[in-house]
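Biologist: Could you take me through this protein, from its overall build down to a few single residues?

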Amino acid sequence: RFGGRYGALQGVTLGQGLLMKNYSTLLTGSLLQSNRQNGIQGYWDSGTWRAEGLSTGTGIYAIRGEQSFNFFKGGVYYVTDSDGVSITNAGVTTTLPAISGIGVDVSVPTTIPALDLYAEYAQLVNFGSGLTAGARFGYDFIIAKAVGRLEYQQLASNFAPGVFNAEYEVNPINLTTYSATGVARNGTVGELDMMFLNYATLRGTYSGYEGQRPGARADLKVADVFFPGYEISGYFIAPDMRDFRGLSLEQGAVLGARIGYKIYPFMKTVVNFKRAFNPTLGRVEDSTYYELYF
């Protein structure tokens, strides 16, 4: 099996997510997509071996290899930002240098149905390392499904988890400032996805680290069975490690929504909205555009 994609990349995670988790190319700038927000992603899977990689218009490259053994899966990956990130805020432009990292991960199924254990070790080049271990579970209740994970992270004082995340292009962590404190910040991360038939999906993520205000992400999608003729989805992101990012919560939080209405059986109109900080313009920006489907 193999496949490839060109365009907007969303929800990209390498391994167990200690370095790259839920990375997206769509949060930068206005909601209307540009070529810089596109990327290329591909994979090849033989059943025993798997290889995947990506390249984005903002200069991020990643590659990962995985092998399946009798009782576990093991993987190794490399991710790099070739040119760093520039953020303009209050008329001042800050450029954070390029960063790279490597990681290894393993996942092991247990004798308990729908429960896997996993661990991952990652090293940031010229910075520190981190280790995470956790459990992933999933249950099918016929009319509803629940999938989640709970993990504990042990981090060096100069290692920040999920550096390449959804907000990386908008509100990245300043690793130099983060490392200068000399404080190791262990933490706990929890995720839960709940699905009710094909009618509603709710996804939530919570992260808490020692001495830091918690971060959270929520996504909701509701089909038209509850609101006849309408399809509604939205998301909200509150970054973690906010003390070491360049934006306040009011600036760094990201809010988005998509509302579709079926005019006729074969015609639908959609309104898209996003509120996010534009690192080029240096301000929070509201953007809206409309679509018509036949």
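This is a predicted model: local features need pLDDT of at least 70, side-chain atom pairs count only at pLDDT 80 or more; totals for chains, interfaces and linings use all residues.

Modeller: Residues are numbered from 1 along each chain as its sequence is written, and side-chain values use heavy atoms, with hydrogens and water left out.

Biologist: How many helices and strands does the secondary structure of the protein come to?
Modeller: Helices (H or I, at least four residues) and strands (E, at least two) are taken as DSSP runs and numbered from the N terminus. On that basis the protein has 2 helices and 18 strands.

Biologist: What is the radius of gyration of the protein?
Modeller: The radius is taken over C-alpha atoms, and the globule rule is 2.2 Å times the number of residues to the power 0.38. For 294 residues that rule gives 19 Å, and the protein is as compact as a globular protein of that length because its own value is close to this, at 20 Å.

Biologist: Which residue in β14 stands opposite G204?
Modeller: Two strands pair if DSSP finds at least two bridges between them. Strand β13 (residues 200-209) and strand β14 (residues 215-222) pair in the antiparallel sense over 8 bridges, and their hairpin has 5 residues between the strands, with G211 taking a positive phi near 75 degrees. The residue of β14 opposite G204 is A218.

Biologist: Which residue in β15 stands opposite D219?
Modeller: β14 also pairs with strand β15 (residues 230-238), in the antiparallel sense and over 7 bridges. Opposite D219 stands Y235.

Biologist: Is Q153 buried or exposed?
Modeller: Q153 lies in strand β11 (residues 144-155), and a polar contact of 2.8 Å joins its side chain to that of E151; such a contact is a pair of N or O atoms within 3.5 Å, where within protein one must be able to donate a hydrogen and the other to accept it, and residues adjacent in sequence count only if both atoms are side-chain atoms. Buried means under 20% relative accessible area, exposed over 50%, and partly exposed in between (1.4 Å probe, protein chains only). At 4% relative accessibility, Q153 is therefore buried.

Biologist: Which residue joins its side chain to that of T93 in a polar contact of 2.9 Å?
Modeller: T93 is in strand β7 (residues 92-96) and is partly exposed, with a relative accessible area of 49%. Leaving aside residues up to four places away in sequence, T93 touches S86, I87 and T88, where contact means heavy atoms within 4.5 Å. The partner in the polar contact is T88.
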